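Morning, everyone. I have one structure to show today. Let me put it on the screen.

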Amino acid sequence: MKKITVTTSVNAPVDKVWAYWTGPEHIMRWNNASDDWHTPHASNDLREGGAFTSRMESKDGTIGFDFSGTYQAVHEGKMLSYALDDGREVEVVFTPEGEGTVIKETFDPEQTNPIEMQKGGWQAILDNFKKYVETKMQES
């Protein structure tokens, strides 16, 4: 099965991007694909062999799921990879570019939903992350 890649360029230095990507208090603020979803809980043991989980739910409470797995590699400010609980693998690479950071996220697709739908959902979450970080940067 071919891997899916989504990418974005965030107007923020890599140390800030890394902190916002990995901090549970931040994950709960950006980890949704649309405004009618939210993440009421997130935990993150950011180390090789460490576990993470986030609870994604519709705001009306009708549907939700846990997104969880175990880190395989953590290279602070550069890359992290993990295996989801269903066995799929994900790699996230953070590359400094000028004053900003390029994030490239590559993941194994699941078998239930069409590839384009999966790519669109992950890209929407990544776009929401970009918006969150850039808003936070303007506030500081």
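Predicted model: local features only at pLDDT ≥ 70, side-chain atom pairs only at ≥ 80, totals over all residues.

An unreviewed UniProt entry annotates residues 11-134 as "domain: Activator of Hsp90 ATPase homologue 1/2-like C-terminal". That span is 41% strand and 29% helix. Its end C-alpha atoms sit 6 Å apart.

Now the core. Nonpolar side chains tend to be buried together in soluble globular proteins. Here the largest nonpolar core holds 29 residues. Which residues have the most contacts inside it? Those are Trp 21, Tyr 82, Ile 103 and Phe 129. Helix 3, residues 115-139, gives the most to this core, with six residues.

Look at Trp 21. Leave aside residues up to four places away in sequence, and Trp 21 touches Ile 27, Trp 30, Leu 80, Val 92, Phe 94, Ile 103, Glu 105, Leu 126 and Phe 129.

On to helix 3 itself. What about its length?

Last stop, Glu 76. You'll find Glu 76 in the loop between strand 4 (64-75) and strand 5 (79-84). Buried or exposed? Glu 76 counts as exposed, because its relative accessibility is 66%, and the cut-off for exposed is over 50%. Glu 76 and Asp 15 are 61 residues apart in sequence, yet their C-alpha atoms are 8.7 Å apart.

That's the tour. Questions, please.

Note on methods: Residues numbered from 1 in each chain as written. Heavy atoms only, no water. Helix = DSSP H or I, 4+ residues; strand = E, 2+ residues; numbered from the N terminus. Buried < 20%, exposed > 50% of the residue type's maximum accessible area, 1.4 Å probe, protein only. Core = buried A, V, L, I, M, F, W, Y, C linked by side-chain atoms within 4.5 Å. Contact = heavy atoms within 4.5 Å. UniProt positions renumbered as here; feature names shortened; annotations may be inferred.
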